[in-house]
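Colleague: Before I use this model, I would like to go through the terms one by one, and to hear for each label how the value stands against its definition.

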Amino acid sequence: MQLQFKIEYYTQWGESVWISLSQGNKPAVRIPLSTLDGKDWTGTVDLPDGSEELITYRYYIERDGHETRIE
């Protein structure tokens, strides 16, 4: 299964948008999103087929390797 994420979020120079994704009891996975214009961010993650565990995620903003905002 493939999950696609898209968010419109205006960042400042040096900031990037990430997703923290958890599935069941597994540790969270950090997924960087990419942008061409600093406004529209996208990313994709592949999950095993047939997975029935609950998936939770959150967006966060990172600057200089540190989370600055959590959505």
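Colleague: What makes the stretch that holds Glu 62 a strand?

Modeller: Glu 62 is found in E6, which covers residues 55-63, and strands (E, at least two residues) are DSSP runs, as are helices (H or I, at least four residues), with numbering from the N terminus. The model is a predicted one, in which local features need pLDDT of at least 70 and side-chain atom pairs count only at pLDDT 80 or more, while totals for chains, interfaces and linings use all residues. Residues are numbered from 1 along each chain as its sequence is written, and side-chain values use heavy atoms, with hydrogens and water left out.

Colleague: How do you know whether Glu 62 is buried or exposed?

Modeller: Its relative accessible area is 11%, and buried means under 20%, exposed over 50% and partly exposed in between (1.4 Å probe, protein chains only), so Glu 62 is buried.

Colleague: What makes the link between the side chains of Glu 62 and Arg 30 a polar contact?

Modeller: The two side chains are joined at 2.6 Å, and a polar contact is a pair of N or O atoms within 3.5 Å, where within protein one must be able to donate a hydrogen and the other to accept it, and residues adjacent in sequence count only if both atoms are side-chain atoms. Arg 30 is also among the residues that Glu 62 touches, including Trp 18 and Thr 68, once residues up to four places away in sequence are set aside; contact here means heavy atoms within 4.5 Å.

Colleague: Where does the charged end of Arg 30 sit, and why is that called a charge over a ring?

Modeller: The charged end of Arg 30 sits over the ring of Trp 18, 4.4 Å from its centre, and the label requires NZ of Lys or CZ of Arg within 6 Å of the ring centre and within 35 degrees of the ring normal.

Colleague: Why is the pair of Trp 18 and Tyr 60 given its label?

Modeller: A pair of aromatic rings is described by the distance of the centres and the angle of the planes. Rings of Phe, Tyr and Trp (its six-membered ring) pair if their centres lie within 6.5 Å, and planes under 30 degrees apart count as stacked, over 60 as edge-to-face and the rest as tilted. The structure holds four aromatic pairs. In one of them, Phe 5 and Tyr 59 stand 6.5 Å apart, centre to centre, with 90° between the planes, which is edge-to-face; Phe 5 lies in E1 and Tyr 59 in E6, so this pair ties together parts that are 54 residues apart in sequence. Both Phe 5 and Tyr 59 are buried. For Trp 18 and Tyr 60 the centres are 6.4 Å apart and the planes at 20°, so that pair is stacked, and since Trp 18 is in E2 and Tyr 60 in E6, it ties together parts that are 42 residues apart in sequence. Trp 18, at 17% relative accessibility, counts as buried, and Tyr 60, at 1%, is buried too.

Colleague: What makes a group of residues a nonpolar core, and which residues touch the most other members of the largest one?

Modeller: A nonpolar core is a set of buried Ala, Val, Leu, Ile, Met, Phe, Trp, Tyr and Cys residues joined through side-chain atoms within 4.5 Å. The largest one has 13 residues, of which Phe 5, Ile 7, Val 17, Ile 19, Leu 21, Leu 33 and Tyr 59 touch the most other members. At least two residues each come from E1, E2 (15-23), E5 (40-46) and E6, and E2 gives the most, with three. Leu 33 is in contact with residues including Phe 5, Ile 7 and Tyr 59, its neighbours within four places in sequence left aside.

Colleague: How do you know whether Glu 8, Asp 49 and Asp 64 are buried or exposed?

Modeller: Glu 8, in E1 (residues 2-8), has a relative accessible area of 53% and is therefore exposed. Asp 49, in the loop between E5 and E6, counts as exposed at 68%. Asp 64, in the loop between E6 and E7 (66-70), is exposed at 68%, and its phi is near 55°, a positive value in a residue other than glycine.

Colleague: What confidence does the chain carry?

Modeller: The mean pLDDT, the predictor's confidence in each residue from 0 to 100, is 88 for the protein chain, and 97% of its residues reach 70 or more. Among the elements, E7 has the lowest mean (82) and E4 (residues 34-35) the highest (95).
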